[in-house]
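Subject: A structure to look through

Hello,

Here is the structure I promised to pass on to you. Please open it beside this message and follow along as you read.

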Amino acid sequence: MAESTLAAAPSTAEPELDALRQQALALALRRATGDGTHATAVPGLKLIRASAPAARLPVVYEPGLVLALQGAKQVQLGEEVLTYGPSHCLLVAMPLMPRSHVIQATPEQPYICLRFNCDTQALADLLLELDAGPPVTAVPAEPAAMGLNLAPVTAPLLDAALRLLQLLDTPQDLRMLAPLVQREIFYRVLTGPLGPRLRALAAGDSAAPRIARAVEQLTQRYDQPLRIDELAASAAMSPSTLHLRFKQLTTLSPLQFQKSLRLQHARRLMLAEGLDASTAAHRVGYESPSQFSREYRRLFGTPPRADISQLKAPAGAT
């Protein structure tokens, strides 16, 4: 298993970066007062907070940028393991389903990050303007970790993120200024070491966006039987090429990806709606409750009933 560890907390960071990070952290903590994912008035910007380390579980990552302001997180995609914190940013180049967990967080110093969704059309427009102008000197790219990539946070990028957070306090300015600052954020990424990976999102004829279309089809129709010919057609690939490229980019086969989607949706149904395992299994497309239970345990580590009971147990309960 290959592991890339990038410092969870900067020890020799420049004073400018530290000052920007502390300002952004104060604003984020004020907005995200409890654990979980918090939407904001800025479309595409979410705040994520966790007060304790968590178990490593599969989650769906949408294309976008993650800036951790405090704490640390570990993400595993296949054999690649990335550990990151406030000194680095994470680019998700396409929809993926890695296993991730917070590894550094306390109630006093919770893990908190900013999540910027990537609008591929806006990105394509930005690229057209960027390529039509004078050449921009980009930082050389580091080796890519499939669809997940890390790079050091820069002061211009963190400054733009801070200004976007500050706009939440002036709602009268949001409509006009937030899109400009979001555009600047992705400009900073495009001209940095993650630029080549971000460019792939806007390249409609490359494998990544075509596999992303297949992932979108699976996400929308996870409860229906998998028809590989239809899925391949949506990605403009042959079935064999789809299977190969899908696994290269996501580390899962289309069938494995669909199973993970089904099991995660079933888990949410049992938690949010109180469904029993058999009903949830049927709702997400399983015909056999016993098969559902076996695959659920394989993915989450415990049978459905025990897992849901543990998740619903009060904090500190044994």
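Contact here means heavy atoms within 4.5 Å. With that in mind, and leaving aside its neighbours within four places in sequence, Thr 33 is in contact with His 38 and Arg 49. Before going further, please keep in mind that this is a predicted model, in which local features need pLDDT of at least 70 and side-chain atom pairs count only at pLDDT 80 or more, while totals for chains, interfaces and linings use all residues. Residues are numbered from 1 along each chain as its sequence is written, and side-chain values use heavy atoms, with hydrogens and water left out.

Thr 33 lies in the loop between helix 1 and strand 2, where helices (H or I, at least four residues) and strands (E, at least two) are DSSP runs numbered from the N terminus. Thr 33 has a relative accessible area of 63% and is therefore exposed; the term means over 50%, whereas buried means under 20% and partly exposed lies in between, with a 1.4 Å probe and protein chains only. Thr 33 and Arg 49 are 16 residues apart in sequence, and their C-alpha atoms are 8.2 Å apart in space.

Strand 2 (residues 36-39) and strand 3 (residues 45-50) run antiparallel and are joined by four bridges; two strands pair if DSSP finds at least two bridges between them. Their hairpin has five residues between the strands, and in it Gly 44 takes a positive phi near 90°.

Strand 8 (residues 88-92) and strand 11 are likewise antiparallel, with five bridges joining them, and Cys 89 stands opposite Ala 151 in strand 11. Four of the five residues of strand 11 (residues 148-152) are buried, so this strand is largely enclosed by the rest of the structure.

Helix 1 (residues 15-31) has 17 residues and reaches 25 Å from its first C-alpha to its last, close to the 24 Å expected, a span taken as 1.5 Å times one less than the number of residues. Its buried residues, including Leu 17, Leu 20 and Arg 21, pack against strand 3, strand 5 (64-70), strand 10 (111-117) and helix 3 (155-166).

Now to the charged side chains. Side chains of opposite charge can pair when their charged atoms come close. The structure holds eleven salt bridges, each being a side-chain nitrogen of Lys or Arg within 4 Å of a carboxyl oxygen of Asp or Glu. In one of them, the side chains of Arg 31 and Asp 169 meet at 2.7 Å, N to O. Arg 31 lies in helix 1 and Asp 169 in the loop between helix 3 and helix 4, so this pair ties together parts that are 138 residues apart in sequence.

Arg 183 forms another with Glu 129, the closest N and O atoms being 2.8 Å apart. This pair also links distant parts of the chain, with Arg 183 in helix 4 and Glu 129 in helix 2 (residues 120-132), 54 residues apart.

By contrast, Glu 184 and Arg 188 both lie in helix 4, four residues apart, about one turn of the helix, and their side chains meet in a salt bridge of 3.5 Å, N to O. Asp 159, Arg 163, Glu 184 and Arg 188 are linked in a network of salt bridges.

With best wishes
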